[in-house]
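Here is a short briefing on helix packing and aromatic contacts.

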Amino acid sequence: MTATITAFAQSPDRGRGLARDMRVRWALEEVGQPYDVRLLSFKAMKQRAHLALQPFGQIPTYEKGDLALFDSGAIVLHLAQRHAGLLPDDANARVRAGAWMFAAVSTMEPPIVEREMARLLESREAWYAPRMAMLEQRVRTRLGQLSAHLGDADWLDGGFSAGDLLLVSVLLRLKGSGLLEEYPNLAAYVARGEARPAYQRAFAAQLAVFEATQAG
Ligand SMILES: N[C@@H](CCC(=O)N[C@@H](CSCc1ccc([N+](=O)[O-])cc1)C(=O)NCC(=O)O)C(=O)O
């Protein structure tokens, strides 16, 4: 039985792979599981049928057999627990990988998203410049701590795990901002993630959706 995920029919990231279906696609490719995609308009995401799957009217969701799941982190965790390839064999190492998954979405992602939303929605406000300086300093604090932890290691804790997958996905939102590039070992870490064949396949698949909308 093939899983079905949901994704934007018209992604606002214009094929840059920043929408959160990308991390589910990547995880599915890492564990070698096939999947179909149900593309949704913004309107369809707010309809009753989708709200039954995702109470906040968002993508992605994951369905397979009698399982229906939302939240990209939960979906990645489910795939990592159900299939080999995203969690180590050692029991304690598996739990530590879970800690990095939570840290990616609850420690690293919030200041990065807050900065991004401010750039998108507040740039005309009189207080934008000082606020942006403060937001960027908050991002630097977390990047500096992560950079110090990672050092010159390839991945966070031994082999590549679901924790790395989520953290690289989060850091990709800073790619080209100059902030990520201030930490060369983090920029290299992200590039290692992007160089993974599974990432490449996932990225190509989500880009094909965007390109199909441009061909019309
Ligand atoms: N916690 C949930 C959050 C899901 C979420 O934020 N989904 C977004 C798309 S990914 C977030 C996203 C959107 C756009 C870009 N971009 O670069 O353009 C990047 C990321 C969504 O459906 N938004 C529509 C809505 O909320 O009504 C999860 O991880 O699954």
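The axes of helix 6 (residues 128-150) and helix 8 (residues 184-195) come within 9 Å and cross at roughly 75°. The two helices are therefore roughly perpendicular, a label for angles of 65 to 115 degrees. This is a predicted model: local features need pLDDT of at least 70, side-chain atom pairs count only at pLDDT 80 or more, and totals for chains, interfaces and linings use all residues. Residues are numbered from 1 along each chain as its sequence is written, and side-chain values use heavy atoms, without hydrogens and water.

**Helix 6 and helix 8**
- Helix 6 makes the contact (heavy atoms within 4.5 Å) through Leu 143, Leu 146, Ser 147 and Leu 150.
- Helix 8 contributes Asn 185, Leu 186 and Tyr 189.
- The contact residues comprise 5 nonpolar, 2 polar and no charged.

**Helix 4**
- In helix 4 (residues 72-82), Ser 72, Gly 73, Ile 75, Val 76, His 78, Leu 79 and Ala 80 are buried, meaning under 20% relative accessible area with a 1.4 Å probe.
- These buried residues pack against helix 1 (21-30), helix 5 (91-121) and helix 7 (162-171), and also against strand 3 (61-64) and strand 4 (67-70).

**Aromatic rings**
- The whole structure holds 7 aromatic pairs, with ring centres within 6.5 Å.
- One aromatic cluster is formed by Trp 26, Trp 155, Phe 160, Tyr 189, Tyr 199 and Phe 203.

**Arginines over rings**
- Arg 192 lies over the face of Trp 155, at 5.8 Å from the ring centre.
- Arg 196 lies over the face of Phe 160, at 3.7 Å from the ring centre.
- The criterion is CZ of Arg within 6 Å of the ring centre and within 35 degrees of the ring normal.

Key
Phe/Tyr/Trp six-rings, centres within 6.5 Å; stacked < 30°, edge-to-face > 60°. Buried < 20%, exposed > 50% of the residue type's maximum accessible area, 1.4 Å probe, protein only. Helix = DSSP H or I, 4+ residues; strand = E, 2+ residues; numbered from the N terminus. Axes fitted to C-alpha atoms, helices over the stretch in contact; angles between N-to-C directions. Parallel < 35°, antiparallel > 145°, perpendicular 65-115°, else oblique. Nonpolar A, V, L, I, M, F, W, Y, C, P; charged D, E, K, R; others polar.
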